[in-house]
Amino acid sequence: MDKNILVLSNISKSYMQGSESISIFDNFNLTVNKGEFISITGPSGSGKTTLLNLIGLIDSIDEGEILLNAKIISSQSSEKKSEVRRNNFGFIYQNYNLFDNFSAIENITLPLILRGEAKDAASEKADKLMGIFDISHRKFHFPNSLSGGEQQRVAIARALINKPDIVIADEPTGNLDHENSLNVFKYLIDYIESEKMTLVMATHNQEWANKSDRRIDLS
Ligand SMILES: Nc1ncnc2c1ncn2[C@@H]1O[C@H](COP(=O)(O)OP(=O)(O)OP(=O)(O)O)[C@@H](O)[C@H]1O
Ligand SMILES: [Mg+2]
């Protein structure tokens with residue numbers, strides 16, 4: 001249970017803003033245990049999204065190392081990084097980021113199809129998840145005909161369908177009203193816990209941060 005799944009070792013990251021280099025992380029360390037729910041908090045601009053992008057290999061570190069399951073993933077080729085992103089991470093964003101021209105079930109099966117899984121097997125898994133997230137009645141709907149809460153439950157199902165080692169969520173309920181946000185958070189957390197998945201979530205929501213196993217405050 002306390003096995004290290006993710007290690008950030010002395011990572012540094014700066015951005016050029018005009019002619020100035022702004023340091024966002026300077027020798028930052030973090031170890032995440034398998035099955036842990038980590039919340040990342042801090043004011044706007046403190047680096048929460050940057051940290052998630054570095055962990056998810058969407059952005060690259062300047063110095064240090066990132067290890068997943070004891071293997072260095074931060075200095076791989078971009079092809080290998082894409083493979084790690086596809087196979088080991090699930091991403092959930094504030095704006096859902098669903099594909100407008102794909103139905104709910106097509107959005108959810110996409111990660112499996114991209115991995116070469118047969119359509120029938122992928123649809124079966126998607127059906128099961130749609131039941132768990134209570135969106136089965138929206139199976140063939142397109143994103144623009146779904147409510148915000150439904151869109152986010154589709155996006156969560158898509159992020160979790162390939163049973164990623166680590167789920168990376170950036171303000172996953174930030175666009176929802178209080179009631180919907182509670183509802184979506186509960187579906188997400190219940191499933192993550194039942195599947196013993198690891199979750200790293202950036203949030204302004206103190207209620208969610210308080211429910212995490214550990215809070216990393218970047219302020
Ligand atoms: N691609 C980039 N180029 C230059 N600066 C960037 C880039 N991405 C982020 N930054 C800067 O890095 C800092 C951290 O940004 P980041 O988006 O990580 O903050 P955040 O904590 O997620 O904020 P919010 O709560 O508003 O989402 C900010 O000062 C931002 O302007
Ligand atoms: Mg952010």
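Q: Which residue in β7 is the bridge partner of Phe89?
A: Phe89 has Ile166 of β7 as its bridge partner, in a predicted model where local features need pLDDT of at least 70, side-chain atom pairs count only at pLDDT 80 or more, and totals for chains, interfaces and linings use all residues. Residues are numbered from 1 along each chain as its sequence is written, while chains are lettered from A and ligands numbered from 1 in the order in which they are written.

Q: How many bridges join β6 to β7?
A: Strand β6 (residues 89–93) runs parallel to β7 and is joined to it by 5 bridges; strands pair if DSSP finds at least two bridges between them, and strands (E, at least two residues) and helices (H or I, at least four) are DSSP runs numbered from the N terminus.

Q: And what about β8?
A: β7 and β8 also run parallel, joined by 5 bridges, and Val200 in β8 is the bridge partner of Ile168.

Q: Is β7 buried or exposed?
A: 5 of the 5 residues of β7 are buried, so the strand is largely enclosed by the rest of the structure, where buried means that 20 or more other C-beta atoms, placed from the backbone, lie within 10 Å of a residue's own. Ile166, Ile168 and Asp170 are buried on one side, and Val167 and Ala169 on the other.

Q: Which residues have the most contacts inside the largest nonpolar core?
A: They are Ile108, Ala157, Val167, Ile168 and Val200, in a core of 52 residues, a core being a set of buried Ala, Val, Leu, Ile, Met, Phe, Trp, Tyr and Cys residues joined through C-beta atoms within 7 Å. Helix α5 (residues 148–160) gives the most to this core, with 6 residues.

Q: Switching to the ligand, what surrounds ligand 1?
A: The shell, taken as residues whose C-beta atom, placed from the backbone, lies within 6 Å, includes Tyr15, Gln17, Ile24, Lys48, Thr49 and Thr50. Two or more residues each come from β1 (4–17) and α1 (48–55), and α1 gives the largest share, 3 residues.

Q: Which residues of α1 are buried?
A: Lys48, Leu51, Leu52, Leu54 and Ile55 are buried in α1. Seen down the axis of α1, these buried residues fall within an arc of 160 degrees (taken over the directions from the helix axis to the C-beta atoms), so they line one face of the helix.

How values were computed: Buried ≥ 20, exposed ≤ 12 C-beta atoms within 10 Å, placed from the backbone.
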